[in-house]
Amino acid sequence: MNLLQYLPGDSFLHRLNPVTKLLAAFLFGIAAIISRSVPFILALILFLLAVSFGCGLGKRALSLTKNLLVLGAMMFVLQLFFVRSGLPLVKIGSLTLFTTGGLSSAALLSLRIIATMLPLMLLFAITEMNDLCGALVKRLHIPYRYAFIVTTAFRFVPLFTTEFHDIEDAQKARGVEYDGGIIQKLKLSIPLFVPLLMSSLKKVDAGAMSAQLRGFNLRTVNSGYYEYPFAGRDALSILFAATLIVMGALI
């Protein structure tokens, strides 16, 4: 299953206005960025996982968190050994391996990566990109051209991810071994990215022709049928996300 693919549902998160989902995801990330409290950022991640389980997205959220932990672990190691502020924490003779400032900075950065990227990645699971594009035009009065560019970029992320795995499976079926080290995998990246690039160019041409045939340049705010009204749950969600920013700044 593609972790970034839309998952239909009727949960509280699914029923939110697409603009609310996008804004809440960004506010959630801002709250994590401005806070310098490791327990607070960890609480944000746990809260998001709990909400995901309550809305039937628990497995998707856990899988995304697991993938983000790999990136977080890499940044943790880099920060741990390269940040020299604070008191020495581990020393070998006269050589200081890492300090208290390095440990604090590493923990903050790794958790911030998860707390900022997880809600944006879950956005794909609860939002149809067509609805997001329509809501941006109808509610925020963004020109359709720019809303289409943004949502198309989002739409192609899960599509290219799925195609990348399909190409990889096809190469494995032909006997290509991807179980070697990093150098071996880098050498084998060309057979993966060249077909993906060629397929992407074909999709761009087909998409441009399809947009022209559907009167892309004639779309206005009044062209869409759905109105995407805001409801009380949207106001509560935005208020809660804004409250998290205030708490992140104060804690």
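The model described here is a predicted one. Thr 20 counts as buried, because its relative accessibility is 2%. When residues up to four places away in sequence are left out, the contacts of Thr 20 are with Phe 230, Asp 234, Ser 237 and Ile 238.

The protein chain as a whole contains ten helices and two strands, and these elements follow one another from the N terminus in the order α-α-α-α-β-β-α-α-α-α-α-α. Taken along the principal axes, the C-alpha atoms of the protein chain fill a box of roughly 70 × 55 × 30 Å. Of the 251 residues in the protein chain, 39% are buried. Among the contacts in the protein chain with a separation of 6 or more, 72% are made by residues 24 or more positions apart.

Two helix pairs were examined in detail. Packed helices are described by the angle between their axes and by the distance between those axes. For helix α2 (residues 18-34) and helix α5 (residues 100-126), the axes come within 8 Å and cross at roughly 170°, which means that α2 is roughly antiparallel to α5. On the α2 side the contact is made by Lys 21, Leu 22, Ala 25, Phe 26, Phe 28, Gly 29, Ala 32 and Ile 33, and these residues meet Arg 112, Ala 115, Thr 116, Pro 119, Leu 120, Leu 123 and Ile 126 in α5. The residues of this contact of α2 with α5 comprise eleven nonpolar, two polar and two charged.

The second pair consists of helix α3 (residues 38-54) and helix α4 (residues 58-82), which pack at an angle of about 145° with their axes 7 Å apart. Here Leu 49, Ser 52 and Phe 53 in α3 meet Gly 58, Ala 61, Leu 62 and Thr 65 in α4. The contact of α3 with α4 comprises four nonpolar, three polar and no charged residues.

Side chains of opposite charge can pair when their charged atoms come close. A search of the whole structure for such pairs identified two salt bridges. In one of them, the side chains of Arg 15 and Asp 10 meet with an N to O distance of 3.9 Å. Arg 15 is classed as partly exposed because its relative accessibility is 39%, whereas Asp 10, with a relative accessible area of 60%, is exposed. In the other, Glu 227 pairs with Lys 138, the closest N and O atoms being 3.6 Å apart. This pair links distant parts of the chain, since Glu 227 lies in the loop between α9 (190-213) and α10 (232-250) while Lys 138 belongs to helix α6 (residues 129-140), and the two are 89 residues apart. Lys 138 counts as buried at 8% relative accessibility, whereas Glu 227 is partly exposed, with a relative accessible area of 43%.

A corresponding search of the whole structure for disulfides found zero. With regard to individual cysteines, Cys 55 is buried, its relative accessible area being 16%, and Cys 133 is likewise classed as buried at 6% relative accessibility.

Backbone geometry was also considered. Most residues other than glycine have a negative phi. His 141, although not a glycine, has a positive phi of about 55°, and this residue is placed in the loop between α6 and α7. Tyr 228 also has a positive phi, near 55°, in a residue other than glycine, and its place is in the loop between α9 and α10. With regard to accessibility, His 141 counts as exposed at 55%, whereas Tyr 228 is buried, with a relative accessible area of 15%.

Finally, Pro 158 is located in helix α7 (residues 144-173). Because its relative accessibility is 14%, Pro 158 is classed as buried, the cut-off for this class being under 20%. The C-alpha atom of Pro 158 is separated by 15 Å from that of Leu 118, a residue 40 positions away along the chain.

Key
Residues are numbered from 1 along each chain as its sequence is written. This is a predicted model: local features need pLDDT of at least 70, side-chain atom pairs count only at pLDDT 80 or more; totals for chains, interfaces and linings use all residues. Side-chain values use heavy atoms; hydrogens and water are left out. A salt bridge is a side-chain nitrogen of Lys or Arg within 4 Å of a carboxyl oxygen of Asp or Glu. Buried means under 20% relative accessible area, exposed over 50%, partly exposed in between (1.4 Å probe, protein chains only). Helices (H or I, at least four residues) and strands (E, at least two) are DSSP runs, numbered from the N terminus. A disulfide is a pair of cysteine sulfur atoms within 2.5 Å. Axes are lines fitted to C-alpha atoms, for helices over the stretch in contact, and angles run from 0 to 180 degrees between N-to-C directions. Angles under 35 degrees count as roughly parallel, over 145 as roughly antiparallel, 65 to 115 as roughly perpendicular and the rest as oblique. Contact means heavy atoms within 4.5 Å. Ala, Val, Leu, Ile, Met, Phe, Trp, Tyr, Cys and Pro count as nonpolar, Asp, Glu, Lys and Arg as charged, and the others, Gly among them, as polar.
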